[in-house]
Amino acid sequence: VTAAISRPSARARVRACTRRVSVAAAVALVLTFQPAAAFDTRATAAYVLDQTTGTVLLAKNADEPLPPASMSKLMTLYMAFEAVERGKQNGGLDLVEKLPVSEHAMSYGGSTMFLDTTDRVSVEDLIRGIIVLSGNDASAVIAEALSPDGTEYGFARLMTQRAQQMGMTNSTFANSNGWPQAGHLMSVRDLGLLANRIISDYPQFYPLFAEREFAFDGRAPQNKSNRNPLLGLGIGADGLKTGHTAEAGYGLVGSAKQGDRRVIFVLSGLDSAAARAQEAESVVNWAFRQFTQRDLGAAGSRIAEAPVALGTTQSVGLELKDDLSMLVPGTGGDEIEAEVIYTGPFQAPISKGDELGELVVDRGELPAMRVPLVASASIAPGGFMVKMTAAALHLMNRLNAGPQAAPEVEAEAEAS
């Protein structure tokens with residue numbers, strides 16, 4: 001990175017009343033790109049996240065609460081995973097534990113495991129039935145087991161509370177499975193956040209989302225296949241959940257991994273299963289082809305120098321605190337530019353590793369990336385002669401300025 005950065009220039013503003021100098025140094029990185037082609041989705045709402053870097057690649061109506069259909073089963077699954085992690089002895093669930101099926105759970109239509117009240121089903125089978133078969137009845141069985149009052153609606157209230165705690169501020173739940181009901185809403189950004197949490201928090205359960213079939217006990221051969229249209233296409237897709245109702249349209253919360261990069265996406269409001277499949281594959285291809293992750297520098301790479309006051313040396317190096325890797329548009333073209341921003345001169349003592357500024361990288365249509373810069377060395381306070389010299393220079397500057405000097409002086413400085 002050091003070799004790729006030109007000599008920085010800076011404009012310094014000197015305020016006599018505070019002796020504070022604010023410096024913004026422009027830095028040119030030898031890296032070029034052309035703006036990525038925009039993805040014009042047919043979905044009513046869409047959200048695409050590069051999970052590896054945390055970069056949002058697309059957000060269309062991302063914060064609008066919409067009917068999520070079966071995609072909201074991901075919240076039931078997340079809470080089921082939490083319960084299994086706690087264990088039965090701590091108020092949770094065991095995978096081998098068998099749960100009863102209520103009249104209410106059995107009454108659900110749509111996608112089901114065809115459970116009835118004579119069944120007792122293991123938690124593991126119920127989880128797989130929700131993931132692979134989109135079982136409305138299986139969701140209700142889990143919900144009633146975890147509900148504080150034994151009802152699905154009681155569990156839905158817990159879902160809303162837990163979603164708020166997790167930062168899903170545009171989600172409210174009226175049931176466990178996305179059955180059409182007033183007040184059951186999620187934004188696509190919230191669904192993306194939830195998918196990210198499932199993948200990150202429960203890697204032991206995430207492989208279940210890639211299962212293509214689950215026959216349960218063979219009672220419903222017509223409902224044994226995973227509805228995710230991307231599984232098996234060879235594009236790295238490995239989850240998560242489809243959804244469809246007349247009100248919500250066709251939607252998909254999906255994820256795909258290629259190499260070291262993982263992309264999470266949410267599409268909602270498409271008009272057919274075919275459109276959902278086509279749009280989902282297109283968005284995955286777009287995310288991986290139009291953007292690439294680049295390593296620009298290792299931790300400790302020196303980026304700039306900043307002035308030091310009353311220290312044993314007059315400047316301190318500013319270096320990368322961490323390895324610098326970021327997502328950029330994947331084709332060549334215009335320069336990526338960055339700014340080194342700090343407030344100086346810095347007062348000694350300074351310790352190696354002190355955070356002194358930041359590198360702000362402009363990535364075109366992507367959000368700017370802000371990277372901390374730290375001191376490359378420790379600098380001790382100067383001795384008596386350093387302090388006397390600084391005091392004398394300050395006095396001479398005041399005398400040279402004269403009584404008619406403006407209280408604020410603009411100075412152009414060339415940073416070294």
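The model is predicted. The second largest pocket has a volume of about 240 Å³. Helix H4 is largely enclosed by the rest of the structure, because ten of its eleven residues are buried. Aspartate 50 is buried at 0% relative accessibility, whereas glutamate 103 is exposed.

**Second largest pocket**

- The lining of the second largest pocket counts 18 residues.
- Ser70, Ser111, Ser134, His244 and Thr245 lie nearest the pocket centre.
- Strand E7, residues 237-245, gives the largest share of this lining, with five residues.
- By residue class, the lining holds eleven polar, four charged and three nonpolar residues.

**Helix H6**

- Helix H6 runs over residues 188-201 and has 14 residues.
- From first C-alpha to last, H6 reaches 20 Å, close to the 20 Å expected at 1.5 Å a residue.
- The buried residues of H6 are Val188, Asp190, Leu191, Gly192, Leu194, Ala195, Ile198 and Ile199.
- An α-helix has 3.6 residues a turn, so residues three or four places apart point the same way.
- Strands E3 (45-50), E4 (55-60), E8 (249-258) and E9 (261-270) pack against the buried residues of H6, as do strand E7 and helix H1 (73-86).

**Helix H4**

- Helix H4 spans residues 136-146.
- Its buried residues include the run Asn136, Asp137, Ala138, Ser139, Ala140, Val141, Ile142, Ala143 and Glu144.
- Leu146 is also buried.
- The cover over these buried residues includes helices H1, H2 (103-106), H3 (123-133) and H5 (152-165).
- Strand E5 (98-100) is also part of that cover.

**Aspartate 50**

- Buried means under 20% relative accessible area, so aspartate 50 qualifies at 0%.
- Its side chain makes a polar contact of 2.7 Å with the side chain of threonine 53.
- A polar contact of 2.8 Å links the side chains of aspartate 50 and arginine 261.
- Leaving aside residues up to four places away in sequence, aspartate 50 touches Thr55, Leu57, Arg261, Arg262, Val263 and Leu327.

**Glutamate 103**

- Glutamate 103 lies in helix H2, and H2 is among the elements covering the buried residues of H4.
- The relative accessible area of glutamate 103 is 54%, so this residue counts as exposed.
- Glutamate 103 and aspartate 116 are 13 residues apart along the chain, and their C-alpha atoms are separated by 7.6 Å.

Note on methods. Residues numbered from 1 in each chain as written. Predicted model: local features only at pLDDT ≥ 70, side-chain atom pairs only at ≥ 80, totals over all residues. Heavy atoms only, no water. 1 Å grid on protein atoms, 1.4 Å probe; cavity = no way out; pocket = protein on both sides within 12 Å on 5 of 7 lines; lining within 4 Å. Points joined across faces, edges and corners; volume = space filled by probe spheres on them. Helix = DSSP H or I, 4+ residues; strand = E, 2+ residues; numbered from the N terminus. Nonpolar A, V, L, I, M, F, W, Y, C, P; charged D, E, K, R; others polar. Expected span 1.5 Å × (residues − 1). Buried < 20%, exposed > 50% of the residue type's maximum accessible area, 1.4 Å probe, protein only. Contact = heavy atoms within 4.5 Å. Polar contact = N/O pair within 3.5 Å; in protein donor to acceptor, adjacent residues only side chain to side chain.
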